[in-house]
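Me: Please take a close look at one part of this structure, the nonpolar surface patch, and explain the terms as you go.

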Amino acid sequence: QTALASVSFTVMGLITQIPQMTTDLQRATLFGDVNCQATMGFVTSCWGTFSGLMSLVSFANSCWRSLPTSDARFGPISFDWSYGPGFLCMLVATILKAWDAFAHFNVPTPAVRRSKL
């Protein structure tokens, strides 16, 4: 039950990845680089960053910190837990989503798309 929040935020992060990739591809062309795509790319990247961060925080608070540090049943054994490669990959993906939002916000659309006809 404690992992439910982590899973739901992870699913939202994955769902926002699809429109995020499509806006990235759309903005890569001169014809498709329009203001609505820039806005949609920024919004979906921000939402994906938020979902990824909340998933990481939820996992760290609900699951990782609850792990035992020792077990008296097996003698004086202590456990040293650390974040694994999955957590680190999710962290890198979240940082890249934040970078994508920064890029969408700072890269202007072509001047021809911003001028009134």
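Reply: What follows describes the patch and then the helices around it.

This is a predicted model, in which local features need pLDDT of at least 70, side-chain atom pairs count only at pLDDT 80 or more, and totals for chains, interfaces and linings use all residues. Residues are numbered from 1 along each chain as its sequence is written, and side-chain values use heavy atoms, with hydrogens and water left out.

Val7, Val11, Met12, Ile15, Trp47 and Phe50 make a nonpolar surface patch of about 520 Å². Such a patch joins nonpolar side chains (Val, Leu, Ile, Met, Phe, Trp, Tyr) within 5 Å, taken from residues with over 30% relative accessible area and no salt bridge; a salt bridge is a side-chain nitrogen of Lys or Arg within 4 Å of a carboxyl oxygen of Asp or Glu. Accessible areas come from the Shrake-Rupley method with a 1.4 Å probe, and for residues only the protein chains shown count as cover.

Helix H1 (4-27) and helix H2 (35-62) each supply at least two residues of the patch. Helices are DSSP runs (H or I, at least four residues), numbered from the N terminus. H1 gives the largest share, four residues. Isoleucine 15 lies in H1, and at a relative accessible area of 46% isoleucine 15 is partly exposed, a class between buried (under 20%) and exposed (over 50%).

The search of the whole structure finds one salt bridge. Aspartate 33 forms this salt bridge with arginine 27, their closest N and O atoms being 2.6 Å apart. Aspartate 33 counts as buried at 9% relative accessibility, and arginine 27 is buried at 11%.

Conventions
Buried < 20%, exposed > 50% of the residue type's maximum accessible area, 1.4 Å probe, protein only. Patch = residues over 30% accessible without salt bridge, like charges linked within 9 Å, V, L, I, M, F, W, Y side chains within 5 Å.
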